[in-house]
Amino acid sequence: MKKHDQDFMKRQNRLTVFQIIKNEQPISRAVIAKQTGMSPTTVSRIVSELTEEGYVHETEEQASAGRGRKSSLIRLLDTAVISIGVELDRHQANIGFIDVQGNVLCSGSFSRSSDETADVTVTRIAETIEELIAECDIDRRRVVGIGVGLPGIIDVDAGIVNFSVQLGWKNVGLAQRLKELTGLQAVVDNELKVKALAEQLKGSAYGSNRTVLLGFGNGVGSALILEGEIYRGVTNSAGEIGHTTVDPEGMMCDCGKAGCLQTYINIPSLLSEASKIKPVRTIEELFAERRAGTRWASYLIDRALAYMAITINNVVSMYNPDSVILSGEFLDKFPEVYEEITDLCYSQYIWEPLQDSFSIVRSELHEHGVIIGSGLVAQDRYFQLN
């Protein structure tokens, strides 16, 4: 075997052992060896390396049944590794420091204009990171990397934003620019994919084998988790359901096509339609009009909820998941629509043979889902490289 292949296998084995400790701690070396098929010698070497580097520690603990002699069990030091998770959207950037368990240690955000250039946004991210390190007394030596989740088509390996309609970015070398400004390795991915990863590890999708996460907000998208892995497609664009065509004679989408699904659901389209009748600046104002009984506002929102239910039916019919997670600004700001969407699904839109085959749940991580997921992706990248 070539040295390159040997080094790759060592890094993969190290990452595998680290993930098992993280997910199943406290755990013994013998159990790790049994689960991975690695030799006890290999497992002991990796655990010793992780201990020396300050990532794990061993304790003498009683067996779970409370009988027999104490065993040497391995646990993670939660703050041994800290990563930075970043969520970028049309109007805001959210930044958080994440420990190995996916806990948010501290966070901050800043507003951005829709026409703000990529370089300005990345510079502001770097500045905010420095401010948070000082404000939250973060141990800089433990910070191992940055993960960024944003809407669009991403070349994950190269760290390039190929295309983002919401941000107006094309061919932006985001990972490299962040590394230049911060000195930290960076990884970039689609925001719903990293959010789905977070839900899989510690949220609504925990224990699920086949989950679809749907995001309804400034855009419309989805992510599919199969056996604990995110399905990406050939170019990492799997899940761009918002740009499926529902009416070729319909409204124009930001992407340049007519009748995209998201033009009937996303917040910018709803505000644009509402403003033809009355100046409406925010989605909160539109919902206020609906609550006041305004007919046109009720029509726009009711139509959007119907298309959300149709979207759920379509992904359930295509992928046959065991659960569908609803997430995004719509659900975060107006949790009451969850019941309306669910009622629409089961009363009108879900194909009858599939009605009892899955559950519809809300995101448990809400506004922190993307920063948690992107932060955990950055940690995985770090352990693959070291």
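These numbered points walk through the main features of a predicted model.

1. **The five-stranded sheet.** Start with the open sheet of 5 strands. Its order is E13-E12-E11-E14-E15, and the pairing is mixed. Strand E13 (229–231) and strand E15 (359–362) form the edges, each pairing on one side only. From one strand to the next, the twist averages 30°.

2. **A parallel pair in that sheet.** Look next at strand E11 (residues 210–216) and strand E14 (residues 323–327). They pair in the parallel sense over 5 bridges.

3. Helix H9 (residues 295–319) lies across E11, E12, E14 and E15. H9 runs at about 155° to E11.

4. **The largest nonpolar core.** In soluble globular proteins, nonpolar side chains tend to be buried together. Here the largest nonpolar core has 43 residues. Phe 216, Leu 286, Ile 312, Leu 326 and Phe 330 touch the most other members. The elements giving two or more residues to this core are E11, E12, H7, helix H8 (283–291), H9, E14, helix H10 (329–333) and helix H11 (337–349). H9 gives the most, with 11 residues.

5. **Leu 286 and its contacts.** Leu 286 is one of the core members with the most contacts to other members. Set aside its neighbours within four places in sequence. Leu 286 is then in contact with Leu 270, Ala 274, Val 280, Trp 296, Ala 297 and Ile 301.

6. Ala 175 leads to the next point.

7. **One face of H5.** In helix H5 (residues 174–182), Leu 174, Ala 175 and Leu 178 are buried. Seen down the helix axis, the buried residues of H5 fall within an arc of 95°, so they line one face. What do the buried residues of H5 pack against? They pack against helix H4 (118–135), E6, strand E8 (160–164), strand E9 (169–172) and E10. Gly 183 follows H5, with a positive phi near 80°.

8. **E6 and E10.** Both of these strands pack against the buried residues of H5. Strand E6 (residues 143–150) runs parallel to E10, and 5 bridges join them. Gly 149 stands opposite Asp 189 in E10. Strand E10 (residues 186–190) is mostly covered, with 5 of its 5 residues buried.

9. **Trp 169.** This residue is found in strand E9. Is Trp 169 buried or exposed? At 3% relative accessibility, Trp 169 counts as buried, because the cut-off for buried is under 20%. Leaving out residues up to four places away in sequence, Trp 169 touches a list of residues that includes Leu 88, Arg 112, Glu 116, Leu 150, Phe 163 and Leu 174. Its side chain reaches the backbone oxygen of Leu 167 at 3.5 Å. Trp 169 and Asp 155 are 14 residues apart in sequence; their C-alpha atoms are 13 Å apart in space.

10. **A cis peptide bond.** The bond from Gln 25 to Pro 26 is worth checking. This peptide bond is cis, with omega near -5°. Pro 26 is found in the loop between helix H1 (3–24) and helix H2 (29–36).

11. **Positive phi at Asn 236.** Asn 236 is not a glycine, although its phi is positive, about 65°. Where is Asn 236 found? It is found in the loop between E13 and helix H7 (267–274). Asn 236 counts as buried, at 7% relative accessibility.

12. **Positive phi at His 366.** His 366 is a residue other than glycine with a positive phi, near 50°. His 366 lies in the loop between E15 and helix H12 (369–385). At 27% relative accessibility, His 366 counts as partly exposed.

Definitions and conventions
Residues are numbered from 1 along each chain as its sequence is written. This is a predicted model: local features need pLDDT of at least 70, side-chain atom pairs count only at pLDDT 80 or more; totals for chains, interfaces and linings use all residues. Side-chain values use heavy atoms; hydrogens and water are left out. Two strands pair if DSSP finds at least two bridges between them. Helices (H or I, at least four residues) and strands (E, at least two) are DSSP runs, numbered from the N terminus. Axes are lines fitted to C-alpha atoms, for helices over the stretch in contact, and angles run from 0 to 180 degrees between N-to-C directions. Contact means heavy atoms within 4.5 Å. Buried means under 20% relative accessible area, exposed over 50%, partly exposed in between (1.4 Å probe, protein chains only). A nonpolar core is a set of buried Ala, Val, Leu, Ile, Met, Phe, Trp, Tyr and Cys residues joined through side-chain atoms within 4.5 Å. The arc is that of the directions from the helix axis to the C-beta atoms. A polar contact is a pair of N or O atoms within 3.5 Å; within protein, one must be able to donate a hydrogen and the other to accept it, and residues adjacent in sequence count only if both atoms are side-chain atoms.
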